[in-house]
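Please read them next to the coordinates.

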Amino acid sequence: MSLIDLNDFTPAYWDDIVALAGDILDKPQNFFGAAYGKVMATLFYEPSTRTQLSFQTAMYRLGGQVIGFDNPDGSSVAKGENLRDTIRIVSGYSDIAVLRHPREGAALAASMYSSCPVINAGDGGHLHPTQTLTDLVTLKKETGRLTGLRVGVCGDLKHGRTVHSLVKALCRYEGNEFVLISTKELCLPDYLLSMLDRHDCRYIKADNIEEVISDLDVLYMTRIQKERFASKADYAKQKDVYILNGDKLKLASPRLRILHPLPRVDEITGDVDADPRAVYFKQAVYGMYARMALIIRMLEGDKPIGSSAYCELRATECDNPNCITHIEPYLPEQFREEGHTHVCEYCEHEKLV
Ligand code: NCD
């Protein structure tokens, strides 16, 4: 089975991964060989440091091997091969495929044609479930719990896929609440706000770190996602709005933990790094253990049967111009009904009907 959205699995499954990551961290030698003879493909159509290298080292540390590319221009993608054919071929060579792609819904699309499990390592501005597993391991290790947390999420809540996956996961645990710190332009998409309402998860919106930092247990800082803006001018208006520095941190409680999926641009100043409440560099290391645990569990799971279904080429009906259906026109149209809207299964964009 593939991992596209953490909600493909239950919170009990996430807890098991978090616990297993803790066991691996304590006794890594017990897990060497867990992936012996297995091959993981890492297909990165977008830049990456932590996600790609932590997946690769996770596989090597489990005794497995890695193939793949981090620049699609060096693969047959540059000759015009579509995602369906690439994943059909690569899944014939490997036991797990890890995919990062600039288009929303790309991982789901690839999983439909793959004969091995696909792990979503980031699909455009949509989701990033393995960053959330990393975040869950970090919260468990650094705060001792995944429940009853008041979590400030700051920065680009509109395009930040790490934020979307984190919010989707933490609202499934008892007593968590969110303080959503962003400009109006970069606030959390409506479909996620509706999801918080459906789960009776409390949230408030704020436009300023200083006013809310004193009662937070967690502050999750994020980068303004430059590459997802329609124009340079739009990005210029949003950059540098939220900067966490040592002075603002003086207002926070000693129990605060500061997370950031990284890379940071300038939203956290260097003086914060030495504060014991800043755990973002540890978080990157926890990510490797989270991915080791995930690989172990995915290798134990069922292998999907890649679809050979042929679909007619057609114009997509999804309104999101960054949806994978716009560049891979053979994909079957898939919408689910939610209230008065239809939601694209690939990118979760709502379409008014
Ligand atoms: C994030 C991503 O790629 O979404 N990076 C990561 O995987 N740790 C965050 C970002 O790029 O800002």
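**Notes on cavities, pockets and a helix pair**

1. Searching the whole structure gives 2 cavities of 30 Å³ or more. The model is a predicted one, and the volumes should be read with that in mind.

2. The largest cavity has a volume of about 70 Å³. Its lining consists of Arg50, Thr51, Ser54, Gln131, Thr134, His260, Pro261, Leu262, Tyr280, Gln283, Ala284 and Arg291. By class these are 4 nonpolar, 6 polar and 2 charged residues.

3. Which helix gives the most to the lining of the largest cavity? It is H11, with 4 residues. At least two residues each come from H2, helix H5 (129-143) and helix H11 (280-300).

4. The second largest cavity holds about 30 Å³ of space. Asp5, Leu6, Leu127, Ser165, Lys168 and Ala169 form its lining, which divides into 3 nonpolar, 1 polar and 2 charged residues.

5. Turning to the open sites, the largest pocket has a volume of about 560 Å³. It is lined by 19 residues, of which Glu104, Lys158, His159, Asn320 and His349 are the closest to its centre. The lining comprises 5 nonpolar, 7 polar and 7 charged residues.

6. The second largest pocket contains about 400 Å³ of space. Among its 21 lining residues, Arg100, Arg161, Arg223, Leu262 and Pro263 are the closest to the centre. Helix H2 (50-61) and H6 are the elements that give two or more residues to this lining. Its classes are 4 nonpolar, 10 polar and 7 charged.

7. How do H6 and H7 lie relative to each other, and at what angle do their axes cross? The axes of helix H6 (residues 161-170) and helix H7 (residues 190-198) come within 10 Å and cross at roughly 10 degrees. Angles under 35 degrees count as roughly parallel, and the two helices are therefore roughly parallel to each other. The crossing of H6 past H7 is left-handed.

8. On the H6 side, the contact is made by His164, Val167 and Lys168; on the H7 side, by Tyr191, Leu192, Met195 and Leu196. These contact residues divide into 5 nonpolar, 1 polar and 1 charged. Lys168, one of the H6 residues in this contact, is also among the residues that line the second largest cavity.

Methods. Residues are numbered from 1 along each chain as its sequence is written. This is a predicted model: local features need pLDDT of at least 70, side-chain atom pairs count only at pLDDT 80 or more; totals for chains, interfaces and linings use all residues. Side-chain values use heavy atoms; hydrogens and water are left out. Axes are lines fitted to C-alpha atoms, for helices over the stretch in contact, and angles run from 0 to 180 degrees between N-to-C directions. Angles under 35 degrees count as roughly parallel, over 145 as roughly antiparallel, 65 to 115 as roughly perpendicular and the rest as oblique. A crossing is left-handed if the near helix is turned anticlockwise from the far one by less than a right angle, and right-handed if clockwise. Contact means heavy atoms within 4.5 Å. Ala, Val, Leu, Ile, Met, Phe, Trp, Tyr, Cys and Pro count as nonpolar, Asp, Glu, Lys and Arg as charged, and the others, Gly among them, as polar. On a 1 Å grid over the protein atoms alone, a cavity is a set of points where a 1.4 Å probe fits but cannot get out, and a pocket is an open set with protein on both sides within 12 Å along at least five of seven lines; lining residues have an atom within 4 Å of a point. Grid points are joined across faces, edges and corners, and a volume is the space filled by probe spheres set on the points.
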